[in-house]
Amino acid sequence: MTDKFSPDLTKTFPCEQTIGYYFQDKNLLWEALQTDGSSNCPTDNPRYEVGNKRLAIVGNLAMDLLLTSIWHSTGNTSVVLDSTKLATLSKHSLEHVADKNELYRHIIRRPGTLFDVETLSTAVEAIVGAAYLDGGMIAAKRVVQKLEIGV
């Protein structure tokens, strides 16, 4: 199936500057910035029907793998890993990351909706997921470091 939809990519460059990563496939970042129900998403394409939530799943797993890789080299117990992941990847921690980096300036949301914990944390996960799909773990790590996720 050919995707005939051509998104407006004007918001991607300022976001790339914020996150410190420049995408080969700008459509991935554009998708990451769309909230569920955003009026910019075509309704006839399953890829976009839930906004950035599909990319958020990828981003959550990429961040989990990054944290686990770091943990492995420390020799700490799995209890330390679990508590680190809970603290770093919680919705409230990721909301703080979004606020600190002013990601709300780039997120495209449904008219009349607020930037709540879910919207902001999902956007952070989706941005990391988009970077992972675009440039692999090195790109995801660059975004995580630039946004200071887990610091």
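Colleague: Is Thr 122 buried or exposed?

Modeller: This is a predicted model, in which local features need pLDDT of at least 70, side-chain atom pairs count only at pLDDT 80 or more, and totals for chains, interfaces and linings use all residues. Residues are numbered from 1 along each chain as its sequence is written, and side-chain values use heavy atoms, with hydrogens and water left out. Buried means under 20% relative accessible area, exposed over 50%, and partly exposed in between (1.4 Å probe, protein chains only). Thr 122 has 6% relative accessibility and therefore counts as buried.

Colleague: Which residues is Thr 122 in contact with, leaving aside its neighbours within four places in sequence?

Modeller: Contact means heavy atoms within 4.5 Å. Thr 122 itself lies in helix H6, residues 117-147; helices are DSSP runs of H or I with at least four residues, numbered from the N terminus. Its contacts beyond those neighbours are Asn 52, Lys 53, Ala 56 and Lys 91.

Colleague: How are H1 and H6 oriented to each other?

Modeller: The axes, lines fitted to C-alpha atoms over the stretch in contact, with angles from 0 to 180 degrees between N-to-C directions, come within 9 Å and cross at roughly 50° for H1 (residues 12-19) and H6. Angles under 35 degrees count as roughly parallel, over 145 as roughly antiparallel, 65 to 115 as roughly perpendicular and the rest as oblique. H1 and H6 are therefore oblique.

Key
Helix = DSSP H or I, 4+ residues; strand = E, 2+ residues; numbered from the N terminus.
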